[in-house]
Amino acid sequence: MDLKLLILLCLFVCCSTSLFSQQTHWVDDILPDSLLDDPTFRICNNEDQVIQYFNSGKGMEYEGDKPALTDIFHKQYKPVTSIGQTGFIRIRFIVNCKGESGRFRMLCSDLNYLPVQFDTKITDQLLAITKSLKGWKPKRWKETEIDYYQYLFFKIEEGNLATILP
Amino acid sequence: MRFVLISFICFISTWLIAQPNCNVYLWNGDTAQYKACQYLESNIDKYYQFSKNFHLVIDSALLICPRFAYAYREKAAPFVKSGNFIEWKKNIDLAVTYDSLIYLPVRASLRYKFFADYEGALADIEMLERLSPTLVEYTSNGTYHLEVVKALCYKQTGNSAKALSILEKHLLINKETPGLYDLLHLAVLYLHTGRYKEAEEFLLLQNKAYEYADTYFYLAQCYKQQNRMEAYIECKNKSNHLYKNGQKLTDPYNELFDQVYLSDIENL
């Protein structure tokens with residue numbers, strides 16, 4: 001979709017459903033939060049111009065591709081032996097036009113897709129590793145370097161890191 | 001060019017399958033669902049599925065008919081793409097509740113692809129088989145027949161023997177019309193169980209349909225295992241060349257089964 005059309009669509013918005021706050025433009029938008037976010041992280045364009053990682057048609061783009069990213073997690077993540085630590089974790093964030101990442105948000109569920117809280121020894125590790133990743137490639141939309149939403153999905157099995165997606 | 005055409009046909013066919021025929025509801029005497037369907041059909045294409053207005057249209061359609069399964073599927077779509085498994089599951093479950101035959105294949109194909117939920121996908125496919133044993137269904141993006149998904153999910157859960165048996169049977173029946181990557185997946189299963197002759201046969205067959213860097217990677221691996229070094233080098237080089245030209249397994253959302261990367265090729 002054309003960027004101008006995306007902006008026009010936002011202008012169309014005159015009311016919100018329960019999924020949206022007054023400030024959000026798209027499903028699952030991540031608004032800045034001074035209590036959670038690195039104050040030095042900035043996006044390069046407007047909030048309503050942050051695209052999804054797949055909008056470029058190139059999928060997830062990381063230096064060295066997915067093997068480089070998964071290697072980092074498998075080398076740094078220490079399995080946590082604690083009963084019942086099985087389920088899904090998503091960490092979603094924004095990669096700006098310079099390839100910097102920020103506004104990290106976490107979502108956790110069990111294997112039945114019901115919200116749960118994992119042992120913080122698991123979530124803290126995953127968040128710290130995700131925040132430390134330096135290989136995100138900036139994406140372009142036509143001639144403009146643009147900000148985009150990326151997420152990492154982790155399937156945790158008994159405290160072990162079983163799968164990383166996308 | 002051929003690849004572009006195949007992808008285009010897949011995309012169009014998925015789109016055609018995805019659009020409900022509102023008249024079906026009318027023929028069945030379900031006027032509420034017919035009205036909701038008509039409302040959605042007239043309004044939904046105006047908006048991007050991540051936008052507020054898209055969701056307003058869906059919510060309005062659901063006010064007309066809260067049993068309208070297609071609306072729940074559309075409501076779920078952006079959530080699966082943003083990795084929000086909780087919101088996605090809430091909505092896709094409602095779609096399945098109101099129209100199991102149509103939306104069980106969708107749920108199955110998305111839970112394996114986006115959330116590595118192989119057990120959940122298998123449970124959905126098995127439920128579908130119980131509900132309608134003769135139904136022929138494909139994944140929501142049209143890439144795979146659900147029998148192939150079943151085989152690949154068994155492989156991911158460690159049951160390669162069962163995966164092989166399902167895929168062999170499926171390809172025997174559909175010999176003339178294999179899916180885009182079916183022959184490759186079967187060949188990789190043979191390769192990983194040391195059946196190099198069969199692996200080579202199906203990799204070469206896959207190459208006749210379309211040449212991917214990934215196929216040549218597995219061919220190189222197959223030849224290396226058999227100490228056929230000249231063929232191994234040739235295929236490795238070809239794989240490298242195709243990869244750099246973009247002739248490889250690719251998907252905008254997620255990694256595909258048996259997909260390889262440049263580092264895999266270089267380290268082979």
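A residue is called buried if 20 or more other C-beta atoms lie within 10 Å of its own, exposed if 12 or fewer, and partly exposed in between. Keep that in mind for this predicted model. Tyr113(A), with 20 C-beta neighbours inside 10 Å, therefore counts as buried. Asp258(B) has 21 such neighbours, so that residue is buried too. Asn53(B) comes out as partly exposed because 19 other C-beta atoms sit within 10 Å.

Tyr113(A) isn't a glycine, yet its phi is positive, at about 70°. You'll find Tyr113(A) in the loop between S3 and helix H3 (120-132) of chain A. Over in chain B, Asp258(B) also has a positive phi, near 65°, without being a glycine.

Pro166(A) belongs to the segment after S7 of chain A.

## Where the chains meet

Across the interface, 34 residues of chain A are in contact with 30 residues of chain B. On the chain A side, several elements give at least two residues each, among them helix H1 (3-12), helix H2 (65-76) and strand S7 (160-165). S6(A) provides the largest share, four residues. By class, that side of chain A has 20 nonpolar, eight polar and six charged residues.

## A helix residue in chain B

Back to Asn53(B), which is part of helix H4 (residues 52-64) of chain B. Its C-alpha atom is separated by 41 Å from that of Lys244(B), 191 residues apart along the chain.

How values were computed
Residues are numbered from 1 along each chain as its sequence is written. Chains are lettered from A and ligands numbered from 1 in the order in which they are written. This is a predicted model: local features need pLDDT of at least 70, side-chain atom pairs count only at pLDDT 80 or more; totals for chains, interfaces and linings use all residues. Two residues are in contact if their C-beta atoms, placed from the backbone, lie within 7 Å. Ala, Val, Leu, Ile, Met, Phe, Trp, Tyr, Cys and Pro count as nonpolar, Asp, Glu, Lys and Arg as charged, and the others, Gly among them, as polar.
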